[in-house]
Amino acid sequence: MNTDNLLVAFVTWFVLCFFVALNGGYLLLNLFSLRALHRRGQEQFLGDLPRAYSGLEPPVSILVPAYNEEATIAASIRSMLQLTYAEFEIVVINDGSKDATLDVLKREFALLPFPEAYRRTIPTKEVRQIYRSTRYPNVRVIDKVNGGKADSLNAGINASRYPLFCGVDADSILQRDSLAKVTEPFLRDPTMVATGGTVRVANGCEISGGFLTKVGLPRSALALFQVVEYLRAFLFGRLGWSALNGMLIISGAFGVFRKDAVVLAGGYRPDTIGEDMELVVRMHRTLRAKGQPYRIEFVPDPVCWTEAPEDQATLKNQRVRWQRGLAESLSANWGLMFSRNGGVPGWVAFPFMLFFEWLGPVIELGGYIFMVYAFLTGAISWEAFGAFLFVALGLGILLSASGLLLEEMSFHLYPRGKQLLMLGLVVILENFGYRQLNTWWRLVGLWRWLRQKESTWGTMKRKGIGEEGPPPRAP
């Protein structure tokens with residue numbers, strides 16, 4: 001066997017082993033998720049009993065950073081006002097929006113300037129004015145100079161009044177029991193520092209008065225692909241890591257944090273796009289370095305609905321930003337990996353994310369190109385190429401199908417047979433083009449991170465989720 005044949009054989013085995021390890025790792029997470037969902041199912045038997053702590057939940061500050069969100073901000077705030085929770089406040093942070101976001105807020109919630117002490121516990125851009133709703137006493141709006149989402153969240157933390165805060169995207173729709181469910185772990189575990197909820201695609205759903213009234217599927221093919229993608233990412237990705245206390249990301253769309261733990265870690269970093277993941281990784285690193293016991297948990301209930309991009313350009317920009325955020329989060333916290341007190345986050349989760357998620361696009365895309373070229377030129381056999389297709393596409397379909405199965409077994413959100421058939425078809429089709437396109441976009445994000453291009457909020461074309469409906473009564 002000559003040198004060229006040895007090289008081809010080595011690369012072939014490397015690519016095959018990579019895809020086996022990647023999909024095998026996620027299948028293992030799937031097993032952890034299945035166990036966690038089974039345990040959750042057993043606990044649900046007690047769900048109908050009166051809760052001893054009902055009305056005694058810790059008060060929560062809901063932080064809503066908003067930048068050019070005139071199409072969705074009113075419906076989102078209305079949905080939050082309908083939350084069934086004992087005590088909470090809503091703090092909207094208008095981050096120098098260039099559209100009519102602030103005007104919409106003033107009109108819909110009867111805002112007036114309100115003088116109050118603002119403590120800059122975490123440095124932020126200048127706060128221009130603080131408003132308070134004359135219609136809803138628990139709604140305040142901070143108008144500030146543009147500084148990005150992380151800077152907005154830091155301003156919200158500074159202005160918040162309660163020990164827990166919940167970061168929510170301005171385009172999100174919450175269920176009435178969302179906040180109660182996502183704060184439950186704080187009631188049963190005093191070491192809990194952060195929890196995250198499931199995010200679902202709202203496209204195709206019926207929303208009235210800021211509340212989701214009927215679950216549906218989007219007509220857009222791109223949005224349909226994202227429905228399956230979100231099921232896979234949340235139901236066995238984050239749930240699996242949560243079972244190991246190794247979850248490195250809480251979605252910025254919906255998460256609850258203990259304020260003192262976040263302040264201890266230094267707040268959100270304004271110089272990063274992936275502020276949500278970077279904060280969680282830094283909290284792991286900070287708390288483990290101090291030897292402080294803690295828990296970060298994922299709540300699997302479908303608690304948050306968000307609008308997904310329906311055009312390719314917007315989706316590309318979103319995925320490029322996500323990959324850059326991943327790279328920034330890991331590169332800024334090297335100290336966690338293989339640290340003496342790193343535990344599962346430092347010894348398992350961090351290396352996994354580094355190799356399969358951060359560097360994965362290079363190997364994945366390179367593997368596809370190499371295997372196709374080698375097969376077409378006769379450098380590898382049909383058997384080797386068939387094995388590659390099985391581990392790259394076949395196992396990918398299996399992973400997506402398992403996510404859909406977990407959804408059907410646990411939550412049954414899509415009860416109609418036609419909906420399940422459509423999602424089953426998408427499970428197969430997404431592996432033939434969509435996932436490869438995502439890999440390319442992730443590679444672009446990695447390249448832009450290497451170039452250290454300036455971070456921005458980015459823009460998203462929104463159709464607007466929700467219809468105008470009667471405003472909720474003031475609490």
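1. Contact, as used in this note, means heavy atoms within 4.5 Å. With residues up to four places away in sequence not counted, Thr-286 touches Leu-264 and Ala-265. Thr-286 belongs to helix 8 (residues 275–289); helices (H or I, at least four residues) and strands (E, at least two) are DSSP runs, numbered from the N terminus. Thr-286 counts as buried because its relative accessibility is 17%, where buried means under 20% relative accessible area, exposed over 50%, and partly exposed in between (1.4 Å probe, protein chains only). Thr-286 and Tyr-136 are separated by 150 residues in sequence and by 38 Å in space, C-alpha to C-alpha.

2. Basis of the model. This is a predicted model, in which local features need pLDDT of at least 70 and side-chain atom pairs count only at pLDDT 80 or more, while totals for chains, interfaces and linings use all residues. Residues are numbered from 1 along each chain as its sequence is written, and side-chain values use heavy atoms, with hydrogens and water left out.

3. Overall form. The protein chain contains 13 helices and 12 strands. Its radius of gyration is 23 Å, which agrees with the value near 23 Å for a compact globule of 475 residues; the radius is taken over C-alpha atoms, and the globule rule is 2.2 Å times the number of residues to the power 0.38. The C-alpha trace spans about 80 × 50 × 45 Å along its principal axes. Of the contacts with a separation of 6 or more, 80% join residues 24 or more positions apart.

4. Of the 475 residues in the protein chain, 57% are buried. The chain exposes about 20700 Å², and carbon and sulfur atoms supply 59% of this area; accessible areas come from the Shrake-Rupley method with a 1.4 Å probe, and for residues only the protein chains shown count as cover. There are 50 positive and 43 negative charges, whose mean positions are 2 Å apart. Lys and Arg count as positive and Asp and Glu as negative, with His and the chain ends not counted; each charge is placed at NZ of Lys, CZ of Arg, CG of Asp or CD of Glu.

5. Nonpolar core. The largest nonpolar core has 144 residues, and those with the most contacts inside it are Ile-62, Ile-77, Ile-90, Leu-179 and Phe-257. Helix 6 (residues 221–243) gives the most to this core, with 12 residues. A nonpolar core is a set of buried Ala, Val, Leu, Ile, Met, Phe, Trp, Tyr and Cys residues joined through side-chain atoms within 4.5 Å. Neighbours within four places in sequence aside, the contacts of Phe-257 include Pro-163, Leu-164, Phe-165, Val-193, Ala-194 and Ile-250. In soluble globular proteins, nonpolar side chains tend to be buried together.

6. Helix 2. In helix 2 (residues 73–81), 9 of its 9 residues are buried. Among them are Ile-77, Arg-78 and Ser-79. The buried residues of this helix pack against strand 1 (60–66), strand 2 (88–95), helix 3 (101–109), strand 5 (139–144), strand 6 (164–168) and strand 7 (172–174).

7. Two asparagines with positive phi. Asn-68 has phi near 55°, a positive value in a residue other than glycine, and is found in the loop between strand 1 and helix 2. Asn-68 is partly exposed, with a relative accessible area of 28%. Phi of Asn-245 is likewise near 55°; this residue sits in the loop between helix 6 and strand 11 (254–258). With 11% relative accessibility, Asn-245 counts as buried.

8. Two prolines in loops. Pro-59 is found in the loop between helix 1 (3–43) and strand 1. Although 105 residues separate Pro-59 from Leu-164 in sequence, their C-alpha atoms are 6.8 Å apart. Leaving aside neighbours within four places in sequence, Pro-59 is in contact with Glu-87, Tyr-162, Pro-163 and Leu-164. Pro-115 lies in the loop between strand 3 (111–113) and strand 4 (127–133). Pro-115 counts as exposed because its relative accessibility is 71%. From Pro-115 to Ala-71 there are 44 residues in sequence and 28 Å in space, C-alpha to C-alpha.

9. Helix 13. Gly-417 is placed in helix 13 (residues 417–451). Its relative accessibility of 48% makes Gly-417 partly exposed. Gly-417 and Asp-99 are 318 residues apart in sequence, with a C-alpha to C-alpha distance of 42 Å.
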